[in-house]
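Student: I'd like to learn how to read a few features of a protein model. Could you walk me through them?

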Amino acid sequence: MGIIEKMRLDGKKGFITGAARGIGKCTAKAFAEAGADIAIVDLDIAEAEKTAKEIAGATGRKVIAIKCDVTSEADVQAMVDKVVAELGGLDFCHANAGICINVAADEMSYAQWKKNIDVNLNSVFLTDTIAGKYMLAHGGGSIINTASMSAHIVNVPQPQCAYNASKAGVIQLTKSLAIEWAKKGVRVNSISPGYIGTDLTLSSEFLKPLIAKWNELAPMGRLGKPEELESICVYLAGDTSTFTTGADFCLDGAFTCF
């Protein structure tokens, strides 16, 4: 069997949070193209169902949509139970849901801080540990977390201390779980995207001046594309990455190199 065949995900089952659009939608499509049956998990169930139908039609894989508030322990448990019941198991997951609140620290309310930490970090803990418990009991699996280059640098010119702190937490959580589960068959890794040109990002009038500044600072002079994150996620979900755990992959066009 050649390396291309080895990287396929035929027979594997997984879910992606925050997958109705953006990065999550892109990686979900890549997983399905590689042969996996998947669940599109999002709070926006109408958009999740639309995405699921689109990916199923394009790939021929079983793709379901599940509404889930990833900050709710009960919701995440119910979601994982539904994935297992409807797909027939759980081999990998991509904890991708997140938000960013651009407010200066001296103007940020505690409620804003808590919301950012809840969605970006606490939800990853819930997703990883609930999915991880199933994987630990059923022969192992792979967990992929979306961190950010903002875990490594302080972004400018926008203020986003809560986002930066939450994403740094995701990387340390990833490493901690990887160590705890290293001998138990469950691998945990993270990806740290740079500025990515999703449809939402590119259509935002608020972000246009920021994008110009980001591109000015970027070594490549441009935003990344969501599809440029696909191959690393497929690799991490599959069986060619069985010695890869506790790693964080910066996918930022060298932005964090200076």
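Student: In which hand does H2 pass H9?

Tutor: This is a predicted model, and in it the crossing of H2 past H9 is right-handed.

Student: How is such a packing described?

Tutor: Two packed helices are described by the angle between their axes and by the distance between those axes. Here, the axes of helix H2 (residues 22–33) and helix H9 (residues 230–237) come within 9 Å and cross at roughly 55°. H2 is therefore oblique to H9.

Student: Which residues make the contact?

Tutor: H2 contributes Cys-26, Thr-27, Ala-30 and Phe-31, while H9 brings Glu-230, Cys-233, Val-234 and Ala-237. Sorted by class, the contact of H2 with H9 has 6 nonpolar residues, 1 polar and 1 charged.

Student: Let me try another pair. At what angle do the axes of H4 and H5 cross?

Tutor: At roughly 40°, with the axes of helix H4 (residues 73–87) and helix H5 (residues 110–137) coming within 10 Å. That angle makes H4 oblique to H5. The crossing of H4 past H5 is right-handed.

Student: And which residues of H4 and H5 meet?

Tutor: From H4 you have Glu-73, Val-76, Gln-77, Val-80 and Val-84, and they meet Leu-126, Thr-127, Ile-130, Ala-131 and Tyr-134 of H5. The contact of H4 with H5 divides into 7 nonpolar, 2 polar and 1 charged residues.

Student: Let's turn to rings. How many aromatic pairs are there?

Tutor: To read a pair, look at the separation of the ring centres and at the angle between the planes; rings pair if their centres lie within 6.5 Å. By this rule there are 4 aromatic pairs. One of them joins Tyr-195 and Trp-214, which are stacked, at 3.8 Å centre to centre and with 5° between the planes. This pair links distant parts of the chain, 19 residues apart: Tyr-195 sits in the loop between strand E6 (186–193) and helix H7 (199–202), and Trp-214 belongs to helix H8 (residues 208–217).

Student: Are Tyr-195 and Trp-214 buried or exposed?

Tutor: The cut-off for buried is under 20% relative accessible area. Tyr-195 has 14% relative accessibility, so Tyr-195 counts as buried. Trp-214 is buried too, with a relative accessible area of 7%.

Student: How are the rings of Phe-255 and Phe-258 arranged?

Tutor: Phe-255 and Phe-258 form a tilted pair, 6.1 Å centre to centre with 35° between the planes. Phe-255 is buried, because its relative accessible area is 10%, whereas Phe-258 counts as exposed at 63% relative accessibility. Together, Tyr-195, Trp-214, Phe-255 and Phe-258 form one aromatic cluster.

Student: What should I look for in the backbone?

Tutor: Most peptide bonds are trans, and most residues other than glycine have a negative phi. With that in mind, check the peptide bond from Val-156 to Pro-157: it is cis, with omega near 5°. Pro-157 lies in the loop between strand E5 (141–146) and helix H6 (161–181).

Student: What is phi of Ala-254?

Tutor: Phi of Ala-254 is near 75°, a positive value in a residue other than glycine. You will find Ala-254 in the segment after strand E7 (248–251). With a relative accessible area of 31%, Ala-254 is partly exposed.

Note on methods
Residues are numbered from 1 along each chain as its sequence is written. This is a predicted model: local features need pLDDT of at least 70, side-chain atom pairs count only at pLDDT 80 or more; totals for chains, interfaces and linings use all residues. Side-chain values use heavy atoms; hydrogens and water are left out. Axes are lines fitted to C-alpha atoms, for helices over the stretch in contact, and angles run from 0 to 180 degrees between N-to-C directions. Helices (H or I, at least four residues) and strands (E, at least two) are DSSP runs, numbered from the N terminus. Angles under 35 degrees count as roughly parallel, over 145 as roughly antiparallel, 65 to 115 as roughly perpendicular and the rest as oblique. A crossing is left-handed if the near helix is turned anticlockwise from the far one by less than a right angle, and right-handed if clockwise. Contact means heavy atoms within 4.5 Å. Ala, Val, Leu, Ile, Met, Phe, Trp, Tyr, Cys and Pro count as nonpolar, Asp, Glu, Lys and Arg as charged, and the others, Gly among them, as polar. Rings of Phe, Tyr and Trp (its six-membered ring) pair if their centres lie within 6.5 Å; planes under 30 degrees apart count as stacked, over 60 as edge-to-face and the rest as tilted. Buried means under 20% relative accessible area, exposed over 50%, partly exposed in between (1.4 Å probe, protein chains only).
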